[in-house]
Amino acid sequence: MGGPAPELVDSGFALENADAPFLHRGLNLADMAHVLDLSRRGLVPPAARRALLELLLVAHATPADEFPYDPALGEPYNSREAWSVSHLGDVAGWLHAGRPRREAVRIALRLHVRHQIAELVTEAVRFGRDAVARAEEHVETVMPDQTYLQHAQPSTFAHYLLSFVYSTVRDAQRLLAELDWVDTSPGGAGCVNGTRLLEDRAFVAESLGFSGVIEHTRDAMWQVDGLISVLAVASSLVSNLSKLAEDLEIWSSSEFDYVDLDHGFTRASVLMPQKRNPYSLSIIRGASGVLIGRLSGFLAVSKSPSARSDNLIYAYGEVPRALDLAVRITRLSAGVVRTLRVNGARLAEEVRGGYSQATDLAEHLVQTCDVDYRTAYLVVGRAVRAASRAGVPGVEITGEMLDRAAVDHTGHALGLAGRDLTEALDPWRIVLSRDAQGGAAPAAVHRMTTDLTRRLDDLDDRARERLAAFDRAENALLEAVRAATDPAMEDTA
């Protein structure tokens with residue numbers, strides 16, 4: 001029998017080996033835990049145990065890009081097997097006792113992804129903290145908030161910015177929930193129904209610092225739903241950041257001039273001397289599309305029948321690459337927000353020159369003129385259109401103008417001539433009136449920033465605790481392996 005066809009090597013095994021850097025460390029750790037498990041059951045002779053663990057320590061110390069992963073040999077596990085056999089001969093075969101090749105790779109993927117998820121939570125927290133800090137600086141920066149890129153209601157830049165923090169916090173919470181799924185061990189699952197050699201699956205899980213064991217062995221080996229959820233949440237997180245980036249790209253244009261990006265987050269045009277392009281925002285927006293594509297692509301792959309390798313072959317690269325991109329983009333977004341310059345004077349000019357007070361003015365008519373909201377809405381709409389045609393800004397709409405609009409619509413005036421409408425027209429007073437929970441008034445914003453700071457601190461603590469626990473477990477496993485390679489242990493194992 002000959003080796004694999006060159007077309008298979010180039011189209012299949014080369015792709016799998018390109019993912020080896022994501023799995024290398026986890027494969028070494030999974031092999032170590034498996035050998036220790038076999039050893040404690042008296043299944044592997046002491047000399048073989050020592051030789052295997054010594055070789056695995058060498059593999060662990062070898063960077064992935066220096067390890068002889070060779071697509072001509074097959075997937076990464078085949079390269080590792082060939083390398084082990086070249087050093088140990090048939091002794092290397094103990095690594096297969098009670099365990100298919102896929103089990104080690106499943107474990108390695110989870111070991112890698114759990115670090116990435118926890119790191120992504122810490123980066124989400126960083127973005128949230130930077131955004132909260134900027135919000136606290138702009139509690140009194142009045143602006144016309146927008147829907148459909150049109151003036152909606154007077155608000156503040158602080159209130160606007162916090163909307164992105166709440167979404168980030170929710171996604172960070174979802175990531176930690178998905179981390180609970182990732183942080184469970186498929187070890188000892190065999191191909192579908194376990195193995196007679198290793199009836200207790202807890203040892204491998206505990207050695208690798210997993211929080212538990214996946215209950216059903218077939219499910220443990222072939223499940224992909226959690227990976228879909230991880231990709232979905234990462235896509236949601238970056239989609240939220242992309243929404244912010246799209247707003248900032250529009251607002252940083254000369255036509256709006258609401259904000260300016262820091263020089264370090266832009267790139268000069270080669271041809272046009274007057275232009276600096278918001279390059280960082282393009283990166284964020286494009287990354288959102290890439291992650292949506294990765295999620296969609298993985299869903300398409302994973303719809304195949306159960307217990308098929310194509311469910312997971314692509315996961316070994318797609319999921320780590322997606323999470324790596326999400327980490328980078330979240331970090332980039334934090335930098336953009338942290339260094340953003342907000343043109344408060346321009347925002348104030350825009351809110352005073354526009355008509356975002358219209359809703360408050362209509363509500364004022366409901367409160368003071370004994371009219372229903374539909375009538376108030378239509379009267380104010382007529383008055384705003386007349387003011388716009390006459391070049392009168394919203395803050396200068398008068399009771400007389402409203403009475404004329406009321407006569408046009410209802411046939412009679414509302415008695416507003418000469419009435420002081422400042423409370424309903426002044427943007428800052430409108431903002432101050434929004435002191436209810438979640439509103440834009442300074443006191444309401446302060447309550448939100450205090451709450452968000454607490455929630456972000458909690459998320460950060462939980463993510464860092466998980467990272468520290470992973471590191472402790474992996475370091476403890478390495479110490480146990482080093483101790484087991486001590487020649488004195490041969491007589492006690």
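Trainee: How do the residues lining the largest cavity divide by class: nonpolar, polar and charged?
Mentor: That lining has eight nonpolar residues, one polar residue and two charged residues. Here Ala, Val, Leu, Ile, Met, Phe, Trp, Tyr, Cys and Pro count as nonpolar, Asp, Glu, Lys and Arg as charged, and the others, Gly among them, as polar. Please bear in mind that this is a predicted model, in which local features need pLDDT of at least 70 and side-chain atom pairs count only at pLDDT 80 or more, while totals for chains, interfaces and linings use all residues. Residues are numbered from 1 along each chain as its sequence is written, and side-chain values use heavy atoms, with hydrogens and water left out.

Trainee: Which residues line the largest cavity?
Mentor: They are Arg106, Leu109, Arg110, Trp181, Pro186, Ala220, Met221, Gln223, Leu227, Leu312 and Tyr316. At least two of the lining residues come from α5 (101-137), and at least two from α8 (217-222). With three residues, α5 supplies the largest share. Helices (H or I, at least four residues) and strands (E, at least two) are DSSP runs, numbered from the N terminus.

Trainee: What volume does the largest cavity have, and how many cavities are found in the whole structure?
Mentor: The volume of the largest cavity is about 90 Å³, and the search finds five cavities of 30 Å³ or more. On a 1 Å grid over the protein atoms alone, a cavity is a set of points where a 1.4 Å probe fits but cannot get out; a pocket is an open set with protein on both sides within 12 Å along at least five of seven lines, and lining residues have an atom within 4 Å of a point. Grid points are joined across faces, edges and corners, and a volume is the space filled by probe spheres set on the points.

Trainee: And the pockets: what volume has the second largest pocket?
Mentor: The second largest pocket has about 220 Å³. Two elements give two or more residues to its lining, α14 (358-369) and α15 (373-390). The most comes from α15, with eight residues. Among the lining residues are Ala152, Ala358, Tyr373, Arg382 and Arg385. By class, this lining has eight nonpolar, two polar and two charged residues.

Trainee: Which residues does the "Argininosuccinate lyase C-terminal" annotation cover?
Mentor: According to the unreviewed UniProt entry, that domain covers residues 355-430. UniProt positions are given in the numbering used here, feature names are shortened, and annotations may be inferred rather than shown by experiment. In the model, the span 355-430 is 66% helix and 0% strand, and its end C-alpha atoms lie 13 Å apart.

Trainee: Changing topic, is Ser207 buried or exposed?
Mentor: Ser207 counts as buried because its relative accessibility is 15%. Buried means under 20% relative accessible area, exposed over 50%, and partly exposed in between (1.4 Å probe, protein chains only). Ser207 belongs to helix α7 (residues 202-207).

Trainee: What is Ser207 in contact with, leaving aside its neighbours within four places in sequence?
Mentor: Ala33, Ala473 and Leu477 are in contact with Ser207 (heavy atoms within 4.5 Å).

Trainee: Where is Tyr148, and what is its phi?
Mentor: Tyr148 sits in the loop between β1 (142-147) and β2 (150-156). Its phi is near 55°, a positive value in a residue other than glycine. Tyr148 counts as exposed because its relative accessibility is 78%.

Trainee: What about Ala307: what is its phi?
Mentor: Ala307 also has a positive phi, of about 55°, although it is not a glycine. Its place is in the loop between α10 (279-301) and α11. At 25% relative accessibility, Ala307 counts as partly exposed.

Trainee: Finally, how far apart are the C-alpha atoms of Arg464 and Glu119?
Mentor: They are separated by 8.1 Å, although the two residues are 345 residues apart along the chain. Arg464 lies in helix α19 (residues 442-484) and, at 48% relative accessibility, counts as partly exposed. For Thr147 and Leu291, which are 144 residues apart in sequence, the C-alpha to C-alpha distance is 26 Å. Thr147 lies in strand β1 and is partly exposed, with a relative accessible area of 44%.
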